[in-house]
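Hi,

Here is the structure I promised to pass on. Have a look at it first, and then read on for what turned up.

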Amino acid sequence: MPAAAVFLSFLLLIAAATAAPIIGLDSFLNQQARKDPLAANDSFSSLPFTLKKPLAHPSPTHPPIPTSLLSLNLPIPVTVHLVGSTFSSSAPSILSSFLSSAVTSDLFHVITPFAPSGHHLSLSHSLHLTPSLSHSSLSTSLSSALNSHLTSSPSPLRSPLSPVPYSVIDQIIHQDFEKEKHSNSFHIYIIHLGSQAKPYAYSYTPGDSSPGFTKCLGSVWTGKDRYMWIDLGAGPVDYGPALSGDGVLPKGEFHPLAALHGRPKSQKALLSDLASLVWSAYQVLLVPSLRIPVPMENKLIVEFIHIHGDGGSVGLDWKSIERTFMDDVNNQELLLRDQSLSFRKYEVKFSECSICSFAIARATTSYTSRYLFDNYTLIVSEYLDSKRLHQIILESVEEFRRVGNLPEEEFGKVLPVYVFDLDVNMILLLDRFHQSVAFKDMVIAVRTKSTQTVSDYSCNGHHVFTQTRELERPLVGSILQSMWGVSPTHLVWSPRHNSSLVDYTWSVGQTPFGPFSEISSLSFVQKDAARRNVLLTTLNYSITSGIDVLESIVAHGGDRKILKQNQRTEFYQRWNLFRYKLDKSISAISHFDYEMALYYLRSSDHDLYAIHTLVYGASQELEASLVCFRDPPFPWTSAMLSVGVFFAFFYLYAKRDKLFRNKRKQF
């Protein structure tokens, strides 16, 4: 027994030594990142022998099997600040227990994947929550600023809610966030300041609402930095489809945003609502679904192709769209290292473009609506079928580029944005509801001379008006979807439903998506997603490519059969280094160090290519051999036994009358 215990301890010591981090490897790779930030050279060639030697042994924690790659997980750090004296000291632990018991790791999802890929990546993510009670001075400052504004501002005439500029609260929250900025985490501030003098909600743009111009009030705000806040005392607000449809935020206590506006709740009931609110924000804002996969491209070009009549581009501010993106590019918050973004504008007249007129004519279709005036009346309206228009442009793309004198780009990703400016006075939208529609390879937008229309959405009891001449904000949202795969803040993929779900909870405030916001600027949600989507797509390719080569090794009988001794040593060195770099890239993404994550991913490509080359070369060296076997000896024993059984059965059958004859009584 003591000898067995000693042997077991020896095995555990060996496993621990093998699984321990390799001393010096981190500093070596950091030095390589400074020398070669674009990872143009293979770091393995300059790896010293002292680091290669420990890499040559199989790792018990990361063996070269597909499940080792499929187990990669990206931790998402989230800090929740409970602001207000109403939260007890036990609230953070209760909130954490609710989320930890209900939340599990999940895969990153893709709404519109490239065929034949599925609607998810091979990488999972998990919520790492840190709840805390904020200092009482923060709630005191917020309550003082809010009370001061509410008492000094008159009550509105058209709404029961007093509009409060979001900046009243945001400037105080931002100051507190600056103190926590070093923690490398997303910050969610949940504010509960108690009852106020009058009901209120937050306005996001200057000016008041009017009968012809609806301004949506809300209770949330997402900042340009990595923080957002939710005021539970604001509202209750309601916005969403006016008559029917998905994604409505109801005006009642059943939505977590309105948890304080219904019947009194216990602390546990309130915290359970807050847990669902945090989980919703995590899914939609912090780890949103990818709209499309986004391969890494260094050169990004947006081509504005304005197709119009004789009126020109009156009222269309191209510079505003460009400025929205370039401001964040100049602040190094939108692009990765070695990426560039440029905008180009081209003018095309309908009189010189017959294919343009044909495309509009072919894509125009109609629908009927039933209205009750004095009696029921059917009204026929027209709209543009975006899919049909997209197909026509694809089939005639050479003609479109010839008419517009568009140059051919040899390198980079080019996103054409086709804006059809029609000289008609009627409302003509894409698919009945949209001013702009994003596709994988282009953006299509349309506007007419009509200035506004009543949409099918309502906000706080009022219909939302669509300003059909203003295309700047819809185009910003569409470019984000097509160029960087950023999903709208009301759209998320659900594997349980096998379809995308619509939820407009987070579609107010600073977002270029949805009908309830008027702001075109980007929050941290869009800026982080733009860079993270590129890295996730690259990481997913590395994982799937690594799985392919591992499955090829298994198909050839395993690494011991396909690889020679010296090849197997190099294979394990390359594999362990490849797996180590993937772990480092995931850690860098988790800490928002996107540049270092890109370096590790590019550097790991060298190791992955070397593994592919090694396995391919070894498979070509396999020699097919034919082994001739002697015929087996004749089975005399079984044959004689079978013959004996046969004759015995035949004998019994022949003598059946004599052996089994019935005795009869004779009288």
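C353 is buried, with a relative accessibility of 0%, and C356 is buried too, at 1%. These two cysteines form a disulfide, with their sulfur atoms 1.9 Å apart. The torsion about their S-S bond is about 75°, so this disulfide is right-handed. In case the term is new to you: a disulfide is a covalent bond between the sulfur atoms of two cysteines. Keep in mind as you read that this is a predicted model.

How many disulfides are there? The count comes to two. Besides the C353 pair, there is one between C216 and C459, where the sulfur atoms are 2.3 Å apart. C216 sits in the loop between β6 and β7, while C459 belongs to strand β17 (residues 452-459), so this bond ties together parts that are 243 residues apart in sequence. C216 is buried at 8% relative accessible area, and C459 is buried at 1%. If you number the bonded cysteines along the chain, the pattern reads 1-4, 2-3.

Now for the charged side chains. Side chains of opposite charge can pair when their charged atoms come close. The count of salt bridges comes to 20, and here are a few to find in the viewer.

Start with E518 and K215, whose closest N and O atoms are 3.2 Å apart. This pair links distant parts of the chain, 303 residues apart: E518 is in the loop between β20 (499-502) and α14 (524-555), and K215 is in the loop between β6 (200-203) and β7 (220-222). Are the two partners buried or exposed? E518 is partly exposed, at 36% relative accessible area, whereas K215 is buried, at 14%.

Next, D421 forms a salt bridge with R447, with 2.9 Å between the closest N and O atoms. D421 lies in strand β14 (residues 413-421) and R447 in strand β16 (residues 443-447), so the pair ties together parts 26 residues apart in sequence. D421 counts as buried at 5% relative accessibility, and R447 does at 1%.

Then there is D528 with R531, where the closest N and O atoms are 3.6 Å apart. They are three residues apart in helix α14, which means about one helical turn separates them. D528 is buried at 3% relative accessibility, and R531 is buried at 10%. Elsewhere, salt bridges that share partners join D42, R574, K581 and D607 into one network.

Cheers

Methods:
Residues are numbered from 1 along each chain as its sequence is written. This is a predicted model: local features need pLDDT of at least 70, side-chain atom pairs count only at pLDDT 80 or more; totals for chains, interfaces and linings use all residues. Side-chain values use heavy atoms; hydrogens and water are left out. A salt bridge is a side-chain nitrogen of Lys or Arg within 4 Å of a carboxyl oxygen of Asp or Glu. Helices (H or I, at least four residues) and strands (E, at least two) are DSSP runs, numbered from the N terminus. Buried means under 20% relative accessible area, exposed over 50%, partly exposed in between (1.4 Å probe, protein chains only). A disulfide is a pair of cysteine sulfur atoms within 2.5 Å.
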